[in-house]
Every structure is written in C-alpha cells, then in structure tokens.
Amino acid sequence: MKSSNYMTRSTFERLRKRFLYLTTEKSRSMKLALKDAKSGGSGMHDNAGYDNALMQERMLGKEIEALSQKLQNVSLIDKPKIDTDYVVLGTKVTISRHRLGINDITEYVILGPDDVDISKNIISFLSPIGKTLLGKRVGEEFSINVPAGEIKIKILKISIFLFT
C-alpha cells in the first residue's frame, strides 16, 4: 500500500498545473524540437542539437513521472480537521529553545514535503525537527541532540496555520 502525499490545496493545484503544462504544451514543443533537431546535421550520430533535444526529452519525462507520483495518493491538509491539542500536520507551533545559555522563541509550521519554505519556517513533518515536534502538547519539554549540541525545547503554543 502506498503512503499518502500530504500537501495543502494550493500546493496540489500548483503541482497539478505544472503537470498539465508539461504533459501538453511542453511535450508538444519538445516533440517539435526533436523533429527539427533530427533533420539537422549530416547524421544523427554527429548532431549535437539532436543529442541535446534527446537529453531534454528524457529530463522532461523524468519530471513528468516525478510529478505523477507526487499527485497520486494525495491527502489534502484540511483546516477543519486539524486538532490543536497536539502538534499535527497543519499546525503552527511556537517553541522556546535553550542552548548554551541562550533562549529564543520561534515558530514552525508543520506541513508536507512539497509545502516546505524555510524562509517562512514551514517545515516538513518528515524533517528531524518536524518528526520530533509531532504529537507534542503545549507545556511539554524535551531535548534534542543536534551536531552543535543539545537543545532544550518547550512547546508554548499550538494553533492552526492559516494557509490557502
């Protein structure tokens, strides 16, 4: 049985549009480019344009296959179903971190791998910190070991992430 691919509706739509574009417009233009490249040169074995077009076609096929796999067994992260008693997919978690005498407070949003945006602190539930946070409750304290040493963490707040 295949596992679910968790993502927000907006990420699903973005990936679906990309898939449709690649399988229609891009595939059509790739076939034309390949046909044009085939007619160039003195023979296909010494035609750099043809070799390049073949490589591009293979790369397109791989991207289409990867998107096809991602779009299978999609489970949309649905706000009404999100429980904020625990850290789960679709929650924003506020934590305090203590390491080497320094305290700071940060927020993470826990979503699927295709929704990750480090600049916005959106992390995957499959990432090391995401896995560690899942299932925790407000007030829980725990430590994690990272290459730079031990970090003590306390869950301060869990809320629903307001995604589109």
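In which sense do strand β6 and strand β7 pair, and over how many bridges? The model is a predicted one, and in it I found β6 (residues 141-146) pairing with β7 (residues 149-160) in the antiparallel sense, over six bridges. I then looked at how β6 is joined to β7, and noted a hairpin that does this through two residues. For phenylalanine 142 I looked up the bridge partner in β7, which is isoleucine 153.

Next I turned to salt bridges, of which a search of the whole structure finds five. One of them is between the side chains of arginine 18 and glutamate 63, at 3.0 Å from N to O; this pair links distant parts of the chain, with arginine 18 in helix α1 and glutamate 63 in helix α2, 45 residues apart. I checked accessibility as well: arginine 18 is partly exposed at 35%, and glutamate 63 is partly exposed at 31%.

I also noted lysine 70 and aspartate 114, whose closest N and O atoms are 2.8 Å apart in a salt bridge. Lysine 70 lies in helix α2 and aspartate 114 in the loop between β4 and β5, so the pair ties together parts that are 44 residues apart in sequence.

Last, I looked at serine 124, which lies in strand β5. Leaving aside neighbours within four places in sequence, I listed contacts of serine 124 including Leu111, Pro113 and Gly130.

Key
Residues numbered from 1 in each chain as written. Predicted model: local features only at pLDDT ≥ 70, side-chain atom pairs only at ≥ 80, totals over all residues. Heavy atoms only, no water. Helix = DSSP H or I, 4+ residues; strand = E, 2+ residues; numbered from the N terminus. Contact = heavy atoms within 4.5 Å. Pairing = 2+ DSSP bridges. Salt bridge = Lys/Arg side-chain N within 4 Å of Asp/Glu carboxyl O. Buried < 20%, exposed > 50% of the residue type's maximum accessible area, 1.4 Å probe, protein only.
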